[in-house]
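Please walk me through this structure. I would like the overall layout, then the details of its helices, its core and its ligand shell.

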Amino acid sequence: MAILNFLRSTILSKVVMAATGVILLLFICGHLLGNMQVFIGKETFNHYAQMLQSLGEFLWIIRGVLLLSLVLHIITSIRLSVLNNAAKPVKYRVTNYVKAKVNSRSMLLTGIMIAAFLTYHLLHFTLGVTNPDHYSHNEYYAENGFTVQGTSVTAEQLNDNPDAAHYIDREEIIVERHDVYKMVVLGFREPLIAVAYIIGVVLLGFHLSHAIQSFFQTLGITGPKFTPRMVQCSIIFSIIVVAMYISIPISILLGLVGGGV
Ligand code: HEM
C-alpha cells in the first residue's frame with residue numbers, strides 16, 4: 001500500500017509533469033516557427049494566422065489539449081513542491097550530477113510569472129482586450145475565383161462538372177481577414193509592451209532550461225558524461241528559443257520590421 005501511495009503521489013506526478021511539459025515545449029517551438037514568418041512579410045504572416053483560424057474544430061481540440069496540459073502542469077508542480085518540502089528532513093544519498101541543482105522554488109516563481117505573462121499575452125493578441133486599437137484591424141485581399149456563365153463556382157464544383165470548364169471565367173473574390181501582422185507591429189512599437197514581452201520570454205528561457213534538466217533527472221537519464229553535456233545543450237537550446245522570440249519585438253521596436261504599417 002505504501003508503494004502504491006508513493007506511485008500515486010510522486011512518480012505519477014513527475015510523469016504528468018514531464019508529459020505535459022513536453023506538450024507545452026512542442027507548442028512553444030511550433031508557435032515560435034509560426035511567429036518567425038513575421039520576418040517574411042505581412043502577406044505570409046496573415047495567411048498563416050488565417051490558416052490557423054480556418055482549422056475550426058481542430059483548433060479548439062489543440063487549444064483544449066494545451067489548456068489541459070497547462071492546468072495539469074501547474075497543479076502537479078504545486079503538489080510536487082508541497083511534497084518536496086514535506087520530505088526535507090529525510091536525507092538521501094543521491095549522486096547529483098547536475099551541479100546547479102534544479103531549484104524548485106525558482107521554478108515555481110518563474111512559472112507563476114510566465115502564467116501572468118501568458119494571461120496578458122492572450123488578453124492582448126488573442127482576445128484584443130488590453131489594446132483594442134491594436135486588435136481591431138482587418139485587411140482585404142483578392143482570391144482567385146471562377147464564374148461559369150456569370151455564376152460564381154468553387155474549384156470543387158468545377159471538378160465535379162468537367163463540362164462547365166468550357167464556360168469558365170476567372171474572377172477576383174475580395175476576402176476579409178484579421179490583420180494579425182498590423183496587430184503585432186502596433187503592439188511592439190510601444191516600448192513598454194515590447195519590454196514586457198522580452199522579460200516574459202527571458203523568464204520562459206530560464207524556466208525551460210531548468211525544466212529540461214529536471215526532465216532528464218526525473219526519468220533517471222543521468223551520467224557523469226551525459227549530464228554536463230545535457231545541461232549545456234539545455235542552456236544553448238533555451239538561449240536560441242529566447243533569442244528567436246525576442247528578435248520579433250526588438251526588430252519592430254527598431255523599425256526593422258513593419259515599415260509599411
Ligand atoms: C515575441 C513573442 C510572441 C509573439 C510575437 C506572439 C504572437 C502571437 C499571436 C499573434 C497570437 C494570436 C494569433 C491569432 O489569434 O491569430 C498568439 C497567441 C498565443 N500565444 Fe503567442 N506570441 C509570442 C510569445 C508567446 C509565448 C512565449 C508563449 C508561451 C509561453 C505564447 C503563447 C501563445 C498562446 C497560448 C496563444 C493562443 C493560441 C490560440 O489561439 O489558441 N506566445 N501569439
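The briefing below goes from the whole chain to single residues.

This is a predicted model: local features need pLDDT of at least 70, side-chain atom pairs count only at pLDDT 80 or more, and totals for chains, interfaces and linings use all residues. Residues are numbered from 1 along each chain as its sequence is written.

**Overall layout**

- The chain has nine helices and three strands. Both are DSSP runs, numbered from the N terminus: helices are H or I with at least four residues, strands are E with at least two.
- Along the sequence, the pattern reads α-α-α-α-α-β-β-α-β-α-α-α.
- Of the chain's 261 residues, 18% count as buried. Buried means that 20 or more other C-beta atoms lie within 10 Å of the residue's own; exposed means 12 or fewer, partly exposed is in between, and C-beta atoms are placed from the backbone.
- Among contacts with a separation of 6 or more, 77% link residues 24 or more positions apart. Two residues are in contact if their C-beta atoms, placed from the backbone, lie within 7 Å.

**Confidence**

- The average pLDDT of the chain is 88, and 90% of the residues score at least 70. pLDDT is the predictor's confidence in each residue, from 0 to 100.
- Helix α6 (residues 155-160) has the lowest mean pLDDT among the elements, 75, while α7 has the highest, 98.
- Where pLDDT is low, the predicted coordinates should not be read in detail.

**Helix α3 and Thr76**

- The 30 residues of α3 should span 44 Å at 1.5 Å a residue, and the end C-alpha atoms are 43 Å apart, which agrees. The expected span of a helix is 1.5 Å times one less than its number of residues.
- Buried residues of α3 are His73, Thr76, Ser77 and Leu80.
- Why does Thr76 count as buried? It has 20 other C-beta atoms within 10 Å.
- Beyond its neighbours within four places in sequence, Thr76 is in contact with Ser13, Val16 and Met17.
- Thr76 and Leu12 are 64 residues apart along the chain, yet their C-alpha atoms are separated by 9.3 Å.

**Helix α4**

- With 23 residues, α4 reaches 31 Å from its first C-alpha to its last, close to the 33 Å expected at 1.5 Å a residue.
- Its buried residues are Thr110, Gly111 and His124. The cover over them includes α3, α7 and α8.
- Just after α4, Gly128 takes a positive phi of about 65°.

**The largest nonpolar core**

- This core has 22 residues, and Val38, Val180, Tyr181 and Val184 have the most contacts inside it. A nonpolar core is a set of buried Ala, Val, Leu, Ile, Met, Phe, Trp, Tyr and Cys residues joined through C-beta atoms within 7 Å.
- Two or more core residues come from each of α2, α7, α8 and α9. The largest share, seven residues, comes from α8.
- Leaving aside neighbours within four places in sequence, Val38 is in contact with Phe45, Tyr181, Val184, Ile248 and Val257.

**Around the ligand**

- Of the 20 residues around the ligand, Ala49, Arg63, Phe125, Tyr245 and Ile248 come nearest. A residue is near a molecule or strand if its C-beta atom, placed from the backbone, lies within 6 Å of it.
- The largest share of this shell, six residues, comes from α4.
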